[in-house]
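Open the model in your viewer and keep the selection tool ready. This tour moves from one stop to the next and says what to look for at each.

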Amino acid sequence: MLGQDGGLSLTIAQIVQRLKGSGLHAQLERQARLSLHNPEIKLESLKEDIKEFLKTSGWEKKLQNAVYSELSVFPLPCHPSAPPEHTKESLAYMRKAQGNWEKRILKSLNSMCTELGIPLAQKRSINEQKELLSKWNEMGTDEPDLSLFRPVYAPKDFLEVLMNLRNPNYENTEQPSFRNHLGLIQVPLKVKDIPELKEYFNELDLNTGQLDIDDSAHVPPELFENEHVRIGQKVLMEQDSAAAQQYVRQGCPNLLRAELWALILNVSSQPEDVLYYEQLKSNVIQHDLLVDNLIYKDVKLTASNDDYYFVFEDYLYQVLLCFSRDTSVLEHFAYNSATPPKSYVRGVIPFHGFSMYVAPLCFLYNEPSKLYQMFREIYVRYFFRLHSISSHPSGIVSLCLLFETLLQTHLPQLFYHLREIGAQPLRISFKWMVRAFSGYLATDQLLLLWDRVLGYNSLEILAVLAAAVFAFRAVNLMEVTSLAAAEAVLADLSTLKVMPLLQIFLFATGT
């Protein structure tokens, strides 16, 4: 293990190194040079005067936000002598399982190419380029024949892989505490219990005001909302990422959410960001990838059939087609247990439901390059963890284990009943968690849930909500006698209110 001082020094060195290659570094240098023409800058106190100038002109705050963003995204450095793969995933059996899963996905992709007789990538003809450019803003009206294309995998395929995960060190030894776990996930990872969750999510308790709760904190909801909006406006004025992250733990007012999320994720639409988006678009126009068809297919199967999201079909194509060409996305593989394919498909291979990560953001951002930036940043911070195998607390394996542990510990009768009738709860909740509940909750409720994902910088809230849904429908679920009947009870989550469910489950059930 690294000592505290050594760890801090290494962290600082890594952040400095990463920021040196950023646009912010160039802007800071430019501003510092310009400040030399300022009569208030004196040669004898040059360093301090430039620091003061950067502070008063707002650049210090931008630097603070960039550092905070780096700390939020990148893992703490390992020991200098630790192999680089430990940054990606410290457990060897998890790395091996992820590697095998990637081989399966690539095999499926290659066999589709062979069956259909089409390449992974090819240059579009001049006529095809002109045609695509002319309908860029109305791609949803196009009806290509996608009948031969199939999603590379669906969440249920991924669940089967996770169910077969085993730690070889535990196979031949008795671990009584873990052997009592009767869920589908059979790997011994540390997950939070209810007391730890209460402490972690302490701002969600019954005495703290929350948006969308009528009777919390003994304050009339309209008074709380007015004051909350006032504070939110102040946070935006201050342009402080850390303050914004703390603020959204109590929920975001709809009018401020787009700006607050962008502040938390340190996304600001600079001219170079718009230019970068246009370059990606140009790449889409010039090259046809097999992945494009998978994106079309996914949007048609999911968002296009959703009452909330079908109107955003064109935006979804634009964002996802650009995303598939974005080499900057490859940077997140430094801390992702996954490894990018070494082929024309160098990024993320979409699965059934992938487009639902983007759809809710269309309610907040209508400028394509800003929408794109926000999706990319949310994906490389959070959503990639929902479809890669790792031991991270926000990874899908830990979320599944947390969900099952919460149910088995606090709703044992329900857990055993569903298990006995062949309706393991995870078989139902897995698809909710993999899609971060997108497409299952009403959009206003989904955005309130995602407020907390950003606010706590964690996906664990997804597992807690999944358990809370089962607790809420427990009486009906105790009466079912099959998996199909259990799925029917939980088929429609669109009327649920997220915050009351979470509060009752965590703070009002006597657990």
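In which helix is Q98 found? Select helix α6 (residues 92-116), and Q98 is there. Helices here are DSSP runs of H or I with at least four residues, numbered from the N terminus.

Before going further, note that this is a predicted model: local features need pLDDT of at least 70, side-chain atom pairs count only at pLDDT 80 or more, and totals for chains, interfaces and linings use all residues. Residues are numbered from 1 along each chain as its sequence is written, and side-chain values use heavy atoms, with hydrogens and water left out.

**Stop 1: around Q98**

Q98 counts as buried because its relative accessibility is 3%. Buried means under 20% relative accessible area, exposed over 50%, and partly exposed in between, with a 1.4 Å probe and protein chains only. Now show the contacts of Q98, leaving aside neighbours within four places in sequence: they are S337, A338, S388 and I389. Contact means heavy atoms within 4.5 Å.

**Stop 2: helix α17**

Select residues 313-323, which form helix α17. Nine of its eleven residues are buried. Among them are E313, Y317, Q318 and F323. Which helices do the buried residues of α17 pack against? Show α15 (271-286), α16 (290-301) and α18 (368-381).

**Stop 3**

Colour the aromatic rings. Rings of Phe, Tyr and Trp (its six-membered ring) pair if their centres lie within 6.5 Å; planes under 30 degrees apart count as stacked, over 60 as edge-to-face and the rest as tilted. By this rule there are 28 aromatic pairs. Pick Y357 and F383: this pair is stacked, at 4.7 Å centre to centre with 20° between the planes. Y357 lies in the loop between α17 and α18, and F383 in the loop between α18 and α19 (396-410), so the pair ties together parts 26 residues apart in sequence. Both Y357 and F383 are buried.

**Stop 4: α22 against α23**

Select α22 (residues 443-456) and α23 (residues 460-472). Their axes come within 9 Å and cross at roughly 140°. That makes α22 oblique to α23. Axes are lines fitted to C-alpha atoms, for helices over the stretch in contact, and angles run from 0 to 180 degrees between N-to-C directions. Angles under 35 degrees count as roughly parallel, over 145 as roughly antiparallel, 65 to 115 as roughly perpendicular and the rest as oblique. Show L449, R452 and V453 in α22; they meet I461, L462 and L465 in α23.

Stay on L462. Leaving aside neighbours within four places in sequence, L462 is in contact with L386, L399, M433, A436, F437, L449 and V453.

**Stop 5: two positive phi values**

Most residues other than glycine have a negative phi. Select A436, in the loop between α21 (425-434) and α22. Phi of A436 is near 55°. A436 is buried, at 0% relative accessible area.

Finish at N457, in the loop between α22 and α23. Phi of N457 is near 50°. N457 counts as partly exposed, at 28% relative accessibility.
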